[in-house]
Structure formats: structure tokens, C-alpha cells
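Subject: A structure to look through

Dear colleague,

I am handing over a structure for you to open beside this message.

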Amino acid sequence: MASKFGLAGGIPERRVRPIWDAVDSRQYKSALKLCTALLAKHPTSPYALALKALTLERMGKPDEALSVCLEAKELLYSNNIFHFDDLTLSTLQIVFQRLERLDLATSCYEYACTKYPNNLELMMGLFNCYVREYSYVKQQQTALRMYKTVGEERFLLWAVCSIQLQAYFSSGGEKLLAFAEALLKKHISSHSLHEPEALSLYVSILEQQAKYDAALEVLSGDLGSLMGREEDKLRLQGRLLTQACNYVAASEIYQKVLESCPDDWESFLHYLGCLLERDVKLPKPTTGEHTCSSCSVDSNKTSLSEEVESRLASALLFVQKLQKNDSSDSVRGPHLANIEIERQHRLSGNSTKFMEALVNYFHRFGHLSCSSSDVEIYLHMLSGDEITELLDTISRSFDASSVSVKALGLTITTFKVQELLGTLLSKSTTDLQRIAKGMVETFYKNLPLSRDLDPQESMHGEELLSMASNILVQLFWRTRNLGYLLEAVLVLEFGLTVRKHVWQYKITLVHLYSYLGALPLAHRWYVSLEVKNILLESVSHHILPQMLSSPFLQQTASLVKDYLRFMDDHLKESADLTCLAYRHRTYSKVIEFVQFKNRLQRSMQYLAVK
């Protein structure tokens, strides 16, 4: 703020700078003394009053600050003020916003814009007020007024973005999309477009109206060169062609994307969907419940035409080519694509290589911690015999007694596959005890591998203790022997003694201690997670329901206050972020910020806490 110096209401900069410096350094008493001295010389200056109100608000005196602000507002409305400056209004706006009286800030700007209708700074301030109030119609009107005044492209785009917000969040807003399109067409015919975000906004307006051919024409023309990355342009073209049901052209576009970005899994699914001329929707896996091959395939069996079979064969050749071109362990997309193509064959009853594709994937990437989750949806399609064969194949591919990162990774993958498929549930209590003990011993044996890692880095094999505790919890539910729960707690506490920053252990302990009725211990581990910002929304549900029904009122009140403070602050700051997105001309972020704010306001957690 200290950069906004100059004459404001006839006050020289040298008299104002010390006040801003005192406020910025939180020396509010000094700032108040300086404001009092300034008002003695300029008793009718709205800017001097605005500075005093700002200082009072920062000192925690909201009622006095509001009273001074209203006094400044009355002076602004009087006929004694011959000039409105944005510095005075923006300072008042800051105070009104912190006092949750945005309506007063807006009324000040509205009055100023009425007196000086062609003042661009005042109109931009008014636009920002409407953004903070989420008043999309008034945003649009103000932005169009600025565009007519100076003819700048950014103000037209502000208006178009405001129209798009109406289409998303207001009833009947869709009818305005044609108006937005007409505005952009008229501007393009005379001035063209000069920003990548402007092109994206124009295409999204056409896409919302299902004018896919028109959007494709725009991308193929001179404006298409505004796209910074060719891959982004191709993805957009592929999406539009798919929506226009031009599957052949779309598949060719997605093939180009995959040639430059072979690990783009989403583009591969779109590519395969274009070849099949339908959406490829991967089934959601249900952990712990295995569906046998016959049930899974027969219920979804679809015969493929010769033409589609031919397309899948060409897709397989293309994927194999991508595999040969990239031999690194970091690019898994082409190998997963091979499994997905074989899955499509299996669904039609024609696959003989589905199992082979899975085995090859584990041979190549089985040592990675993500390998089992990558193929989880495919594992549920295997029969019992195929599962046994797969596990035997993985087990034979490495020496379990050796101490190496790769051997440890394959050991963990073997356990994870059994856990995902629920095969552990069928084992006897004795076998489960042996497996859990083996997991802990494997973790202990491989501790030297993590000796040189940073204390906050993930350890090699830290998943083993989580899986061991899961097995012990299952044993408790099977036998109702409380000793298994206590052993699960001990295993996780041991893990946190070795490495104190493993959040997975802490969250599991929160639930275990909550179940055991030891809420103070559960709360202690939750606090050690140091949950901040948006994590308060996505993590606090692990402890909050238990605390709300407990007698530990002080700890519960602290949790509730932290959560509500974050929500209140975020809902206030999200408007500032939206204003910032407009200023930096990132219009996609404007939509994103507003959508995210609306999602947070509908949070069940938020409702429960309030």
C-alpha cells in the first residue's frame, strides 16, 4: 500500500508516508498519533479520516473505525469535495471490507462513478467491489462501460467472463452466451485478439453453446497461434472433435498428443474412446471385494466389429512403438495402455494376452510404490487361478532375502496386490499373524536403506507398517481380541519413533485411539499433523465427529475455531484472488476460484461445524 503515494485530498506525500510506514510495521499507536496531527491540519480531508479508520480497525476497534469511515463517507457525498481520488476510496474500501460492510464501499464507488462517469480508475474500483459481492450482472455492465470508454481488450474480456459466470451460476445466464460471442466477434473483426487466455475464453463460450465446428475453425485459423503449447492446442482440438462426433479426426489428434506426451493417460483414454466411438469409463475398484473374471466379463461383454478390432490392432502397434521409443522407468502410460487395450479385448471375449500384459507391467514397474494402484481396476478382473499365477510370478522375480530398494519395492507390491484383492481375508488367523510379523521384520531389516534420507523424506518400505496394522485390525474384528488393536497401535508408534513425520501412521492412530476411547491421545496425534489451510477442510473429519460428541470441550472448541477461522478467511480472500485473476488476465482462474468458493460453502463439514 505504501506505493500508492501522491497528493490525496490535497495532502502532500511527506505527511502521509510516515502513517503508512507505521501501519505497515504494526506501530498502530504511532500511526494514530500521526493521523490525529494530520486531521488537525486537514479536518475535512476524507483521506485523512480513511487513514485514521484504517489504523483504528487494525488496533481492534471496529466500532470506532466504522464511525470514522461513515464520517469520511459523508464528506465525500458533500458538495465541498471537488475531486474524488481512487486512493481515498480504496483505503475506505479496505476498512469496509475488513468490517464486513462491502455494501458501503460499493455505494462510495457508485457515487464517485456517477459524478465522474469517465474516470477509469474509479470504474475499475467499482468493478472490483462487484467482484467481491459476486454481482455478475453489475460486473458485466461496469466492464462494458470501461470497454466503451477506452476500447481495451481486457475490459471486454472482463465483461465476457462475467457473462460466463452468469451462465454457470445464475438461472437464465445461458441466453447471454450468444451476446458474449457477438461481442467477441465484433472485437476480433476490428482488433483481433492478443492473449492466450482471450482465445481460451472465446473457445469456451463457443463450446458452452455446442458450436464445436466454429470453435475448431477459430483454433485452426490465425488465432490458434496464440496457444502457447502445441500439445494444449491439440488436446483442445481433440476434445472439440470428440464432442462433434468426428471420432476419426479426433483419434488422429490424440495420437499426435501421445507422440509428444506418451505418459498422458487421460489423452490415451480419449484416444481409445474415439477408436471405440464411445466413452471409456474405467470401473471403480472396490478394495477388498474381488469380482471373478466370469462375472465381470460376461456382464459387460460387448462384441466388437471387424472395423473396431482393426482399430484396436493399430492402436496396439502404436502403443508398442511408444514403448520402444521410451525405455525409462518413469513413463508408464504406454504400458498401462497395452493393458487397457487387452481389457477391451477381454470384455469382448477375445483376449488371450490380458494376463501377459499385466505380468509384463509388474516385471517392468513392480518395484514402484504406485504399481499396484495403477492396475487395481484390472486386477479385479482376474480369476482365482490367475491371481495365484500372478502372485507366484511376482514372487519368483526377485530374491526376498536381499536388502535392496528394488527387492523391497517388489515385496511391498506383492503384499499390496493381496490386500487390494482381499485374498488376505481368506487366510487363517495363524497365517495372518505370520504375515503381519513378516511385514514388520521386513521393515526393520530394510531400515539401513533409509539411513541417508532427509528426516522429512518418505522412508523406503514405510507402507509395510500401515499394512501390518491393517491386518492386526482385521484380526481384531475376526476374533474380538483387544490385544490385536493394541499391537496395531504399538506397530504404528514404533514407526513414528523411527520417522516422526509419517502422516499415514498418525491418521490411523487417530482412528485407533478414538475407537479405544483415548480421545486425548487421538487429539495429540491429530495436532502433530499440523493441519493448516485447505487441509482443515479435507483432514479434520478424521477427528471432529468424535470430538463433537465428547466431553473434551476445550480441545473441541479449538478445532472448531481453527476450522471456522480458515473458512471465514478463505471466503473473504477468495474474492481478492478473483480480483487478482482479473487483473492478471487469467480468466480460467476466475471461474475456478468462484467454483471452488461455492463448493466450500456447500461443505457438509462446514455445515456441521456451524
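Two rings of Phe, Tyr or Trp, with the six-membered ring taken for Trp, count as a pair if their centres lie within 6.5 Å. Please keep in mind that this is a predicted model. In that sense ring pairs link Phe127, Phe155, Trp158 and Tyr582 into a cluster, and in the whole structure there are 18 aromatic pairs.

One of these pairs is made by tryptophan 158 and tyrosine 582, whose ring centres are 5.8 Å apart; because their planes stand at 65 degrees, and planes over 60 degrees apart count as edge-to-face, the pair is edge-to-face. Tryptophan 158 belongs to helix 9 (residues 153-169), whereas tyrosine 582 belongs to helix 31 (residues 553-583), so this contact ties together parts that are 424 residues apart in sequence. Are these two residues buried or exposed? Tryptophan 158 is buried, with a relative accessible area of 4%, and tyrosine 582 is buried too, with a value of 1%.

A further aromatic pair joins phenylalanine 443 and phenylalanine 494, which is edge-to-face, with 6.0 Å from centre to centre and 85 degrees between the planes. This pair links distant parts of the chain, as phenylalanine 443 is in helix 24 (residues 429-445) and phenylalanine 494 is in helix 26 (residues 482-498), 51 residues apart. Phenylalanine 443 counts as buried at 1% relative accessibility, while phenylalanine 494, at 30%, counts as partly exposed.

Rings also take part in contacts with charged side chains. The charged end of lysine 73 sits over the ring of tyrosine 77, at 4.5 Å from the ring centre, and the charged end of arginine 524 sits over the ring of tryptophan 525, at 5.1 Å from the ring centre.

Finally, how many disulfides does the structure hold? A disulfide is a covalent bond between the sulfur atoms of two cysteines, and the structure holds zero of them. For cysteine 69 the closest cysteine sulfur is that of cysteine 108, and because the distance is 8.4 Å, the two are too far apart for a bond; cysteine 69 itself counts as buried, at 0% relative accessibility. Cysteine 370 is likewise in no disulfide, with the nearest cysteine sulfur, in cysteine 261, lying 19 Å away, and cysteine 370 is partly exposed, with a relative accessible area of 22%.

Note on methods. Residues are numbered from 1 along each chain as its sequence is written. This is a predicted model: local features need pLDDT of at least 70, side-chain atom pairs count only at pLDDT 80 or more; totals for chains, interfaces and linings use all residues. Side-chain values use heavy atoms; hydrogens and water are left out. Rings of Phe, Tyr and Trp (its six-membered ring) pair if their centres lie within 6.5 Å; planes under 30 degrees apart count as stacked, over 60 as edge-to-face and the rest as tilted. Helices (H or I, at least four residues) and strands (E, at least two) are DSSP runs, numbered from the N terminus. Buried means under 20% relative accessible area, exposed over 50%, partly exposed in between (1.4 Å probe, protein chains only). A charge sits over a ring if NZ of Lys or CZ of Arg is within 6 Å of the ring centre and within 35 degrees of the ring normal. A disulfide is a pair of cysteine sulfur atoms within 2.5 Å.
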